[in-house]
Amino acid sequence: RINFNGFDKIIERFELKKVKTIGDAYMAVGGIPDLNSNHAERAVLAPKEIINFVKGVNFQQKAIGNDEWHVRIGIHSGPVIAGRTTNNFDIWGDSVNIASRLESSGRMMKIHISEQVKSLLPPSENVSEKQITNLKNKGELGTYFVVSCLASSLCIFDRFLSNALIN
């Protein structure tokens with residue numbers, strides 16, 4: 001069973017809003033209601049921390065003989081319908097579906113973003129080269145992976161890192 005308490009604290013620290021968990025899926029949103037903020041940047045920074053958190057949990061999982069956790073993260077920016085159902089906050093719409101498709105077509109321990117998200121990020125945010133991704137029931141979309149930087153001057157793109165690990 002997955003415990004999302006660590007995710008909750010990270011989401012709160014980056015001033016995003018948890019929407020819900022569905023089984024092993026965790027949904028959060030930025031930019032509601034602060035449309036003019038740096039919500040896209042915070043929506044990328046929080047998953048970076050979530051990946052670091054999961055890596056830390058994996059050290060513990062491995063030490064006690066349990067399977068490691070792996071996350072895939074999809075982020076899209078666009079209009080949503082937001083509201084309350086009974087006592088819970090929820091969001092609906094095409095943007096939610098696209099984010100879900102980005103997650104499912106992504107890679108483990110990577111952040112998969114749409115062109116819309118990239119256009120809202122500061123130039124200092126490193127992303128992979130654009131790729132065309134076929135999203136189920138959505139067609140082709142320009143997407144990127146957020147690049148992990150090991151040091152300010154040394155960034156390793158996902159495809160180079162994968163090739164190095166294979167060789």
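**Phe53.** I began with phenylalanine 53 in this predicted model, and I found the residue partly exposed, with a relative accessible area of 29%.

Next I looked up phenylalanine 7, which is buried at a relative accessible area of 5%. The ring centres of phenylalanine 7 and phenylalanine 53 lie 5.9 Å apart. Their planes meet at 75°, which is over 60, so I noted the pair as edge-to-face. I then checked where the two sit: phenylalanine 7 is in helix H1 and phenylalanine 53 in helix H2 (residues 39-63). They are 46 residues apart, so I wrote this down as a link between distant parts of the chain.

**Phe4 and Tyr26.** How many aromatic pairs are there? I get a count of four. One of them joins phenylalanine 4 and tyrosine 26, with centres 5.3 Å apart and planes at 50°, so this pair is tilted. Phenylalanine 4 belongs to the segment before helix H1 (5-13), while tyrosine 26 is in strand E2 (residues 25-29). The two are 22 residues apart, and this pair also links distant parts of the chain. Phenylalanine 4 is buried, with a relative accessible area of 10%.

**The cluster.** Putting the rings together, I see Phe4, Phe7, Tyr26 and Phe53 linked by ring pairs into a cluster.

**Charges over rings.** Last, I checked the lysines. The charged end of lysine 17 sits over the ring of phenylalanine 89, 4.8 Å from the ring centre. Lysine 118 has its charged end over the ring of tyrosine 144, 5.4 Å from the centre.

Methods: Residues are numbered from 1 along each chain as its sequence is written. This is a predicted model: local features need pLDDT of at least 70, side-chain atom pairs count only at pLDDT 80 or more; totals for chains, interfaces and linings use all residues. Side-chain values use heavy atoms; hydrogens and water are left out. Rings of Phe, Tyr and Trp (its six-membered ring) pair if their centres lie within 6.5 Å; planes under 30 degrees apart count as stacked, over 60 as edge-to-face and the rest as tilted. Helices (H or I, at least four residues) and strands (E, at least two) are DSSP runs, numbered from the N terminus. Buried means under 20% relative accessible area, exposed over 50%, partly exposed in between (1.4 Å probe, protein chains only). A charge sits over a ring if NZ of Lys or CZ of Arg is within 6 Å of the ring centre and within 35 degrees of the ring normal.
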